[in-house]
Amino acid sequence: MNDDFTEEQKNYLAGFFTGVSHGGLTFAQAEPAAGPQPLEAPPEEKKKKLIPEEQFKVDQHPFDALPRLNDLAKADAHPEKPDIFRFKWNGLFWLAPVVEGYMCRLRIPGGVVTANQVRALSDIADDIASGFLQITTRNNFQVRVIQPKDTPELLRRIQDCGLHSRGSGADNLRNFTSNPTSGIDPHELIDVLPYVRDLAHVVINSLEFYDLPRKFNVSYDSGGLTKVAEDTNDIGLRAIKLNEPSEGHPLHGKIKAGVYFQILLGGVTGHKEFAENAGVICRPEDSVEVVAALTKVFIENGNRGNRKKARMVYLI
């Protein structure tokens with residue numbers, strides 16, 4: 001302390017910093033508990049303020065609604081409003097009033113399937129659906145017009161061929177997209193499929209990623225000739241190649257020459273917003289952790305009171 005402070009100010013500052021050093025928390029002490037935490041019902045006065053979708057999740061976790069789906073299948077009965085919302089966690093969308101039946105959306109990271117899997121899906125579509133498969137804009141398949149009585153068989157047969165529909169609808173991370181020629185494009189900077197698969201593996205095995213404020217899109221672009229629309233996603237990762245920063249550059253000595261992912265944030269074309277460069281790059285080997293961390297920020301802070309504003313761009 002210098003002579004610019006009065007004696008009273010010096011005493012105050014000494015006491016303040018002594019209190020901080022003895023009673024303050026370190027960053028380690030302030031870290032949250034690791035791992036997903038179970039959903040807890042809020043106090044009664046807060047319950048009344050929840051929008052219906054959030055209330056449905058509090059009343060019963062959607063993955064716990066499978067017995068209800070089986071009961072409706074036995075009776076070949078139509079779902080009620082809470083059922084319609086919760087069943088989307090297993091990829092089942094009730095199509096009424098357009099048609100009385102479900103549509104099932106799968107989860108196929110990067111859109112990679114085997115010939116045997118496509119044949120199995122074709123058989124499912126012929127046996128218990130409309131006879132057609134739909135290819136979606138997110139490298140995915142949909143099977144349409146499944147009757148309530150056939151939903152257990154549908155989910156079982158999808159799993160039997162090595163695929164699944166878990167978390168493909170409602171307040172979840174949607175199918176992770178990448179360039180359709182990933183791994184075979186001779187001009188791509190990096191094959192992004194391994195990162196797409198790793199991210200899908202992390203998400204499907206982590207309960208915390210199944211309670212978002214609303215849907216969420218992630219896409220990887222390899223920098224090759226055949227592009228993917230990574231800027232239409234909440235998080236886009238665009239492969240770029242950097243030279244070694246020259247002496248005097250702010251990044252000189254901090255990064256090496258090579259391929260990195262440029263992070264884009266805030267795309268949602270239905271709201272006429274494209275993801276913009278966030279001014280951040282990451283190493284490919286860190287990209288799955290970066291996406292997971294950004295998604296957790298959205299889970300914690302995204303708008304749960306207005307679903308029209310429940311996207312990353314509005315949080316930003």
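**Reading charges, burial and space**

Author: R307 and D171 form a salt bridge, with 2.7 Å between the closest N and O atoms. Keep in mind that the model is predicted.

Reader: Where do R307 and D171 lie, and how far apart in sequence are the parts they tie together?

Author: R307 sits in the loop between α10 (287-301) and α11 (312-315), and D171 in the loop between α8 and α9, so the pair ties together parts that are 136 residues apart in sequence.

Reader: Are R307 and D171 buried or exposed?

Author: Burial means under 20% relative accessible area. R307 has 18%, so it counts as buried. D171 is buried too, at 0% relative accessibility.

Reader: Which salt bridge joins D171 and K57?

Author: Their side chains meet at 2.9 Å, N to O. K57 belongs to helix α4 (residues 52-59), while D171 is in the loop between α8 (151-160) and α9 (193-204), so this pair ties together parts that are 114 residues apart in sequence. Both K57 and D171 are buried.

Reader: How many salt bridges does the whole structure have?

Author: The search finds 18. Take one more, between the side chains of D221 and K227, at 2.9 Å from N to O.

Reader: Which residues do salt bridges with shared partners join into one network?

Author: That network is made of E53, E54, K57, D171, D211, R304 and R307.

Reader: Now a charge without a partner. What is the nearest side chain of opposite charge to R105?

Author: It is D171, 11 Å away. A salt bridge requires a nitrogen and an oxygen within 4 Å, so that distance is beyond the cut-off. R105 is buried yet has no salt bridge.

Reader: Which side chain makes a polar contact with R105?

Author: Q142 does, at 3.0 Å. R105 itself lies in strand β2 (residues 102-105). Setting aside neighbours within four places in sequence, R105 touches G91, F93, N140, F141, Q142, S165, S168, G169 and R174.

Reader: Let me try a strand residue next. Where is Q134, and what does it contact beyond its neighbours within four places in sequence?

Author: Q134 is in strand β3 (residues 133-135). Beyond those neighbours, Q134 contacts N140, F141, Q142 and R144. The C-alpha atoms of Q134 and R144 are 8.0 Å apart, and the two residues are ten apart along the chain. Q134 counts as partly exposed, at 32% relative accessibility.

Reader: And empty space? How many cavities of 30 Å³ or more are there?

Author: First the idea. Rolling a probe the size of a water molecule over the atoms shows where empty space is left. Here the search finds one cavity of 30 Å³ or more. The largest cavity holds about 30 Å³ of space. Its lining is P62, A65, L66, L69, R86, F87, N90 and L92.

Reader: Finish with the whole protein. What is its secondary structure, and what share of its residues is buried?

Author: The protein has eleven helices and eight strands. Of its 316 residues, 41% count as buried. Now take the contacts with a separation of 6 or more: residues 24 or more positions apart account for 63% of them.

Methods. Residues are numbered from 1 along each chain as its sequence is written. This is a predicted model: local features need pLDDT of at least 70, side-chain atom pairs count only at pLDDT 80 or more; totals for chains, interfaces and linings use all residues. Side-chain values use heavy atoms; hydrogens and water are left out. Helices (H or I, at least four residues) and strands (E, at least two) are DSSP runs, numbered from the N terminus. Buried means under 20% relative accessible area, exposed over 50%, partly exposed in between (1.4 Å probe, protein chains only). Lys and Arg count as positive and Asp and Glu as negative; His and the chain ends are not counted. A polar contact is a pair of N or O atoms within 3.5 Å; within protein, one must be able to donate a hydrogen and the other to accept it, and residues adjacent in sequence count only if both atoms are side-chain atoms. Contact means heavy atoms within 4.5 Å. On a 1 Å grid over the protein atoms alone, a cavity is a set of points where a 1.4 Å probe fits but cannot get out, and a pocket is an open set with protein on both sides within 12 Å along at least five of seven lines; lining residues have an atom within 4 Å of a point. Grid points are joined across faces, edges and corners, and a volume is the space filled by probe spheres set on the points.
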